[in-house]
Amino acid sequence: MENQIRIVSTKKLLEKQKQQLLSANFIVVEEDFIAVKNKDFEIKTINDYLIFTSQNAVDSVLLNNDIAKIKTKKCFCVGSKTKALLEENGFIIEAHSEYAAELASIICNNYMNNSFTFFSGNLRRDILPDSMTLAKINWEEIIVYETLLTSHKIEIQPNGVLFFSPSGAESYMQENRIEDEICFCIGNTTAEALKYATPNIIIANQPTIESTIIKCLEYYKK
C-alpha cells in the first residue's frame with residue numbers, strides 16, 4: 001500500500017471519474033474545498049446578449065422568476081459544459097470558447113456596439129470584465145451565486161493533487177502545505193493561483209475534470 005500513488009481531489013468526483021483513478025490502483029481522497037450558494041436577484045432590464053462563465057451561474061439563473069424573459073436573449077459562454085447546460089435548458093448560444101480571454105477577444109473584436117448582461121459569481125476573474133470596460137462596451141454584472149471556501153486538513157501526504165478552480169486552490173492551501181506533490185490543474189487560471197506555492201504544476205489539455213484526470217493518469221504511467 002505504501003507504494004501506491006496517493007491522489008487528493010479538491011472536489012468530490014462522479015463515480016465514473018473516481019473509478020478511472022481507482023482502476024489505476026491509486027489511493028483517492030476527495031473533499032469539496034468550495035461550496036456554492038445561489039443568490040436571489042432581480043432583473044430590471046436585459047441587454048442584447050447574456051454572458052455565462054460557469055455552470056454555477058446557469059444553475060442559479062434557471063431558478064429566477066424571470067427565466068422566460070431571460071431566455072429570449074442569446075448567450076456567450078465559457079466552457080463546453082456550460083454551453084451544453086445552457087442548450088439543454090433552451091438557451092441559444094451566439095459564441096463560446098474554452099477560456100475567458102478567448103471570449104473577451106471575440107466580444108471586443110466583433111460586438112463592440114452591443115450591450116451585455118454578465119451573470120457571475122462573487123469570486124469571478126477580472127479578465128473578461130476588464131477587457132469589456134477597456135473596449136468601452138456597455139455591460140452590466142449581476143452576481144447570482146457565491147463561492148464559499150470550505151477547507152479541509154488532508155491527513156495523508158499525497159503524490160498528486162487535482163485542482164479545478166483558483167478558489168479551490170486557495171481553499172486547499174488554507175489548511176495544507178504543498179511540498180513535492182504534483183499539482184494537476186484544470187486550466188491556466190487555476191495554475192496561476194498555485195504558481196507561488198510550487199513549480200510542480202501540470203495543466204490539462206482541455207479545461208475539464210476528465211482531462212485533468214487523464215493528465216494525472218498519463219503522468220504516473222511514465
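Lysine 81 counts as partly exposed because its relative accessibility is 34%; buried here means under 20% relative accessible area, exposed over 50%, and partly exposed in between (1.4 Å probe, protein chains only). Keep in mind that this is a predicted model, where local features need pLDDT of at least 70, side-chain atom pairs count only at pLDDT 80 or more, and totals for chains, interfaces and linings use all residues. Residues are numbered from 1 along each chain as its sequence is written, and side-chain values use heavy atoms, with hydrogens and water left out.

Lysine 81 pairs up with glutamate 210 in a salt bridge, that is, a side-chain nitrogen of Lys or Arg within 4 Å of a carboxyl oxygen of Asp or Glu. Lysine 81 sits in helix α4 (residues 80-88) and glutamate 210 in helix α9, so the bridge ties together parts 129 residues apart in sequence. Helices are DSSP runs (H or I, at least four residues) and strands are too (E, at least two), numbered from the N terminus. By the salt-bridge rule the count comes to 7, including these:

| Pair | Closest N to O |
|---|---|
| Lysine 18 and glutamate 30 | 3.1 Å |
| Lysine 74 and glutamate 94 | 3.9 Å |

Glutamate 30, at 17% relative accessibility, counts as buried, while glutamate 210 is partly exposed at 25%.

Back to α9: its buried residues are Ile209, Ser211, Thr212, Ile213, Cys216 and Leu217. What covers them includes β1 (6-9), α1, β9 (160-163) and β10 (182-185), with contact meaning heavy atoms within 4.5 Å.
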